[in-house]
Amino acid sequence: MPRSRIYSTMFATITTIQEPENFWGKLKYNLLPPPVKAEKVEVEGCSGFLKLTVPIVRGKIHWEPVRRAAGDACGNLITQSTFRLHEQAALQRFESDKFMRLLCINSFLKLLSLLPQRKLLQECAVIDMPAALPAALRALPRYCRTIKIITANEQKYTPFVRHCLEEYGTVVCLSEHISKAFDAPVVLHPQPAAIPTAFSRGSLVFASTAKNLYTSRLLTPEGANIPAKYLSLVPKGIAPLPFAAALYEVSGLSELSDCVSPAFRMQNSILSYSDVISMLDY
């Protein structure tokens with residue numbers, strides 16, 4: 001059974017310190033270990049974040065002081081990728097949903113905006129079962145002749161269908177059957193797939209994560225164009241992407257809603273926008 005997530009208006013980063021190399025420094029460090037240091041970092045436009053510095057003593061971390069220092073942020077922690085949290089201390093790693101979804105959509109729309117002049121996609125399928133994306137997709141009909149929307153709530157897409165037809169003359173087909181997207185030449189799948197899903201070999205699939213998606217041509221965002229003033233806040237050893245995602249999702253930094261990826265990943269390859277455009281059917 002999945003654990004319930006602890007929500008707060010702040011997240012915390014965890015970096016560690018090791019004992020000094022010199023003998024006396026090492027002795028003092030182990031006899032009187034430094035406490036967990038908690039520093040509140042203010043960020044303009046949002047609630048900021050908590051920066052934790054955690055000592056490793058004799059190869060171990062004492063987790064209870066970490067939990068106390070994290071407070072309400074203990075359910076939204078960002079650590080080094082190899083760092084293992086202690087589940088018994090009710091510590092949970094932050095996992096992005098909204099930001100990665102937004103990054104996928106923004107990057108896809110930027111890609112389409114770079115198509116040769118007057119070129120349009122012949123067809124694009126969008127998988128949005130909860131019908132959470134109509135507002136984010138308003139620019140999509142500018143670049144497509146036909147759009148297929150796969151959703152379990154077709155009614156929420158009624159205004160979008162009208163917008164596409166009246167503003168751009170783009171035809172929108174609605175369906176609740178995901179199989180309608182399996183053979184589409186271009187598929188946008190911003191939501192994480194709940195169950196294993198496979199597409200045809202010819203489909204070019206854009207997704208926020210590769211988990212549970214199977215196709216030889218799967219593209220996911222590779223990094224993000226995070227403004228330098230926020231990159232400078234990232235603690236050493238912490239990856240910038242989850243840090244930015246937490247600033248947006250947890251701390252409420254709306255300025256990051258326009259972020260796009262500088263490139264795409266396909267398996268072990270990094271592709272530029274021009275590389276991907278050459279793969280599109282238009």
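Ser251 counts as buried because its relative accessibility is 7%, where buried means under 20% relative accessible area, exposed over 50% and partly exposed in between (1.4 Å probe, protein chains only). This is a predicted model, in which local features need pLDDT of at least 70, side-chain atom pairs count only at pLDDT 80 or more, and totals for chains, interfaces and linings use all residues. Residues are numbered from 1 along each chain as its sequence is written, and side-chain values use heavy atoms, with hydrogens and water left out.

**Around Ser251**
- You can find Ser251 in the loop between α6 (240-249) and β13 (263-266); helices (H or I, at least four residues) and strands (E, at least two) are DSSP runs, numbered from the N terminus.
- Leaving aside residues up to four places away in sequence, Ser251 touches Thr9, Met10, Phe11, Cys46, Ser47, Gly48 and Ala246 (contact means heavy atoms within 4.5 Å).

**Leu32**
- Now look at Leu32, in the loop between α1 (23-31) and β2 (37-41).
- Leu32 has 65% relative accessibility, so this residue counts as exposed.

**Strand β1 and its partners**
- Five of the seven residues of β1 (residues 11-17) are buried, so the strand is mostly covered.
- β1 runs parallel to strand β3 (residues 49-55), joined by seven bridges; two strands pair if DSSP finds at least two bridges between them.
- With strand β4 (residues 77-78), β1 pairs in the parallel sense over two bridges.
- Thr13 has Lys51 as its bridge partner in β3, and Thr13 stands opposite Ile78 in β4.
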